[in-house]
Amino acid sequence: MLYFISRLCVAIMIVLGVAGGAQAASFDHSALDALLKAHVKPWDKGRATRVDYDGFKRDRARLASYLEKTAAVSRATFDGWSKDEQLAFLINVYNAHTIESILTGYPGLKSIRDLGGVFASPWKREIVPLFGVMHSLDDVEHGMIRGSGRYNDPRIHFAVNCASIGCPDLRAEAYSGQALDRQLDEQTKLFLADRTRNRLNGQALEISSIFKWYGEDFETGFRGTNTIGAFLALYGEAMGLDATAQEAARRGDYRLRYLSYDWNLNGTK
């Protein structure tokens, strides 16, 4: 009987340990999720989104509380998460701090670039407390996400948001490790389906300047694609390419023409 009780106690402890480990293996983004659902609005008949910065201003304390919790995450805890959990966390941190950055100057700014200056890019200011160190938005995007070599997913460019109209739309929900692949795919398709930013025009693919600035990220073998044209062909339906056009894009038959970028604030006003 004592042997049975002892084994039962051990089994209970194992179950509790697994449950505790599962809980520690992710971050609760529900606070950010609620804010995004409340203040990211459908635009252009639901084909895009715009951000209600007035609403975020009213809820700034809730946003600050979320950011305090992200700042409290240790490097050891982060390293214990899956790659998808890590990437979802970093994207959410980047987007949330971008919103907070806008609020520091809102409503008296027309563009995120108004927050910078001749010697102070808004993306290079150290405003992101993470893993016990102050970082810039560039550190998060180009160092932790792109530069780490850990994630190797060009779709992140359609998820991180620079608070500008030319940027891929801010998603009206937080990213999560469990849903990340679906979310990134949806964001990629939504952006490529926007004909003001990506289109086939005769013998040229007229596409967002994102592909010019970060072209190398689309040449690293993501789902078997090693060129921008092949990546666009992978999402050919969203791009409005028929089978013939998709094959031509894969072969590199189209010229790539990069469109101008609209840096105006992506607000609802």
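Before the first stop, a working rule for aromatic rings: those of Phe, Tyr and Trp (its six-membered ring) count as a pair if their centres lie within 6.5 Å. Keep in mind, too, that you are looking at a predicted model.

**Stop 1: the aromatic cluster.** Select Phe158, Phe191, Phe211, Phe218, Phe222, Phe231 and Tyr235 and show their side chains. Together they make up one aromatic cluster. Searching the whole structure turns up 21 aromatic pairs, and we'll visit two of those next.

**Stop 2: Trp81 and Phe89.** A pair of aromatic rings is described by how far apart the centres are and by the angle of the planes. For Trp81 and Phe89 the centres are 5.1 Å apart and the planes sit at 65°; over 60 degrees counts as edge-to-face, so that is what this pair is. Are these two residues buried or exposed? Trp81 is buried, at 4% relative accessibility, and Phe89 is buried as well, at 0%.

**Stop 3: Trp213 and Trp263.** Now pick these two. Their ring centres are 6.1 Å apart with the planes at 25°, which is under 30 degrees, so the pair is stacked. Trace the chain between them: Trp213 is in helix H9 (residues 210-213), while Trp263 is in the segment after strand S7 (255-258), so to speak a link between distant parts of the chain, 50 residues apart. Color by accessibility here if you can. Trp213 is partly exposed, with a relative accessible area of 36%, whereas Trp263 counts as buried at 19%, given that the cut-off for buried is under 20%.

**Stop 4: a charge over a ring.** Select Arg75 and Phe131. Arg75 lies over the face of Phe131, at 4.8 Å from the ring centre.

**Stop 5: helix H6.** Select residues 83-103, which is helix H6. How far apart are its end C-alpha atoms? They are 30 Å apart, and that agrees with the 30 Å that 21 residues should span at 1.5 Å a residue.

**Last stop: the whole chain.** Zoom out and go to cartoon view. The chain has twelve helices and seven strands. Of its 269 residues, 49% are buried. Among contacts with a separation of 6 or more, 65% are between residues 24 or more positions apart. With the surface on, the accessible area comes to about 13400 Å², and 55% of that belongs to carbon and sulfur atoms.

Note on methods:
Residues numbered from 1 in each chain as written. Predicted model: local features only at pLDDT ≥ 70, side-chain atom pairs only at ≥ 80, totals over all residues. Heavy atoms only, no water. Helix = DSSP H or I, 4+ residues; strand = E, 2+ residues; numbered from the N terminus. Expected span 1.5 Å × (residues − 1). Buried < 20%, exposed > 50% of the residue type's maximum accessible area, 1.4 Å probe, protein only. Contact = heavy atoms within 4.5 Å. Areas by Shrake-Rupley, 256 points an atom, 1.4 Å probe, with all protein chains shown as cover. Lys NZ or Arg CZ within 6 Å of the ring centre and 35° of its normal.
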